[in-house]
Amino acid sequence: MVLADSVIDDGVIEVRDGAIVRVAPASQYGQGLPGPTGSTFLPGLVDVHCHGGGGESFPNAATPQEALVAVMEHRRHGTTSLVASCVTASADVLRARAATLAGLAGSGEIAGIHFEGPFVSEARCGAQDPAYIIDPDPALTRELLDICGGHALSMTLAPEKPRAYGEGSVAEALIDGGAIPSWGHTDSNAACARAALEYSRRRFAEARTLRGPRATITHLFNGMRPLHHRDTGPIAEFLSDAARGGAVVEMICDGIHLDPSIVRDVYELVGRDHAVFVTDAMAAAGMPDGRYTLGPQDVVVRHGVARLAEGESIAGGTAHLLDCVRVAVMAAGIPLVDAVYMASEQGARILGDSSVGALAAGKRADIVEVDADLNVRCVRRRGTVVV
């Protein structure tokens with residue numbers, strides 16, 4: 001079993017009433033236990049950036065039932081805590097999606113809500129529809145937070161946009177409202193990125209919220225100005241801030257969005273405590289190639305790669321979070337303990353939820369059983385097998 005800092009080769013997880021009450025080597029239990037199963041046990045995974053799966057999309061889900069299809073697709077593959085991500089859309093659509101998803105969060109089906117836009121860069125919009133990109137609006141932000149009823153986790157915004165950070169800004173509204181600014185989809189220069197990150201730190205210290213309390217970086221490298229030694233853009237600042245204990249950088253470790261070697265390099269530069277794996281998955285996760293939608297945009301998936309039907313922009317992922325762990329371990333060479341940490345406990349820390357993310361006494365009994373190739377054998381959530 002994989003713990004936060006070690007692996008127990010032959011261990012026992014004792015569960016009672018949906019919670020873990022003890023984790024220990026089997027030798028401490030004496031005689032009478034069944035022999036080794038040949039399985040490895042991981043904590044339930046925590047994905048803080050996911051747009052859908054199983055043929056359904058959170059940005060398009062008009063009912064809780066539609067959204068639950070995507071939730072269950074990822075839950076069956078080991079993600080027992082999931083944040084539902086919206087995309088850039090009209091204010092009315094965002095209000096409607098916030099209301100639908102807030103109900104699911106209130107019932108415990110999802111762990112929170114993430115708004116990817118609409119306050120992002122037109123130049124680095126990726127699969128965000130530029131027709132709905134607007135300048136940062138603190139009043140709209142506060143309205144969306146109110147509709148979410150305390151379940152909003154984060155919002156992606158570009159630091160170079162007016163009123164993105166500072167007094168009377170969207171970042172101020174987010175932090176004061178119990179959510180997290182996630183800097184990304186940005187064409188920012190280095191100075192602006194650093195200023196936004198420093199503002200985030202100061203405001204979190206003043207507000208003392210349960211979330212975070214650290215900013216995140218929306219899918220590092222994707223949707224932002226590339227790093228260049230004379231026109232550095234934001235990436236070096238994001239890495240520097242993370243290495244100094246500031247922001248947590250998201251990485252889509254699916255072998256498509258990022259080469260595994262760059263994932264390894266970031267891990268070695270900033271450490272596991274400052275990075276989190278996410279899927280950025282859309283409706284095609286777990287589904288065959290074909291045509292799908294992501295908010296107002298049409299998407300075509302070929303050979304497992306999702307791209308906008310018009311243009312070449314990658315339009316979300318098609319992997320499950322356990323796939324990202326597999327790529328990290330088998331292609332990037334990251335130790336299993338650290339790869340699992342970045343896909344579980346780190347996400348729990350971002351959520352501010354101490355009940356999930358690890359195999360330890362007092363935690364929720366979210367347990368993923370996998371084989372030697374990190375394929376799912378069984379998933380338990382709150383101690384109950386996921387169907």
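Buried means under 20% relative accessible area, exposed means over 50%, and partly exposed is what falls in between, using a 1.4 Å probe and protein chains only. With that in hand, welcome to a predicted model, in which local features need pLDDT of at least 70 and side-chain atom pairs count only at pLDDT 80 or more, while totals for chains, interfaces and linings use all residues. Residues are numbered from 1 along each chain as its sequence is written, and side-chain values use heavy atoms, leaving out hydrogens and water.

**Aromatic pairs**

- The structure holds two aromatic pairs, where rings of Phe, Tyr and Trp (its six-membered ring) pair if their centres lie within 6.5 Å, and planes under 30 degrees apart count as stacked, over 60 as edge-to-face and the rest as tilted.
- Tyr-165 and Trp-183 make an edge-to-face pair, 6.4 Å centre to centre with 85° between the planes.
- Tyr-165 lies in the loop between strand 9 and helix 4 (170–176) and Trp-183 in strand 10 (residues 180–183), so this pair ties together parts 18 residues apart in sequence; helices (H or I, at least four residues) and strands (E, at least two) are DSSP runs numbered from the N terminus.
- Tyr-165 is partly exposed at 27% relative accessibility, whereas Trp-183 is buried at 0%.
- Tyr-165 and Tyr-199 form a tilted pair, with 6.3 Å centre to centre and 45° between the planes.
- Tyr-199 sits in helix 5 (residues 190–207), so its pairing with Tyr-165 ties together parts 34 residues apart in sequence.
- Tyr-199 is buried, with a relative accessible area of 9%.
- Tyr-165, Trp-183 and Tyr-199 form one aromatic cluster.

**A charge over a ring**

- The charged end of Arg-272 sits over the ring of Tyr-341, 3.8 Å from its centre; the criterion is NZ of Lys or CZ of Arg within 6 Å of the ring centre and within 35 degrees of the ring normal.

**Gly-150**

- Gly-150 is found in the loop between helix 3 (138–148) and strand 9 (152–157), and it is exposed, with a relative accessible area of 56%.
- Leaving aside residues up to four places away in sequence, Gly-150 touches Leu-145 and Arg-211, contact meaning heavy atoms within 4.5 Å.
- Gly-150 and Gly-106 are 44 residues apart in sequence and 9.2 Å apart in space, C-alpha to C-alpha.
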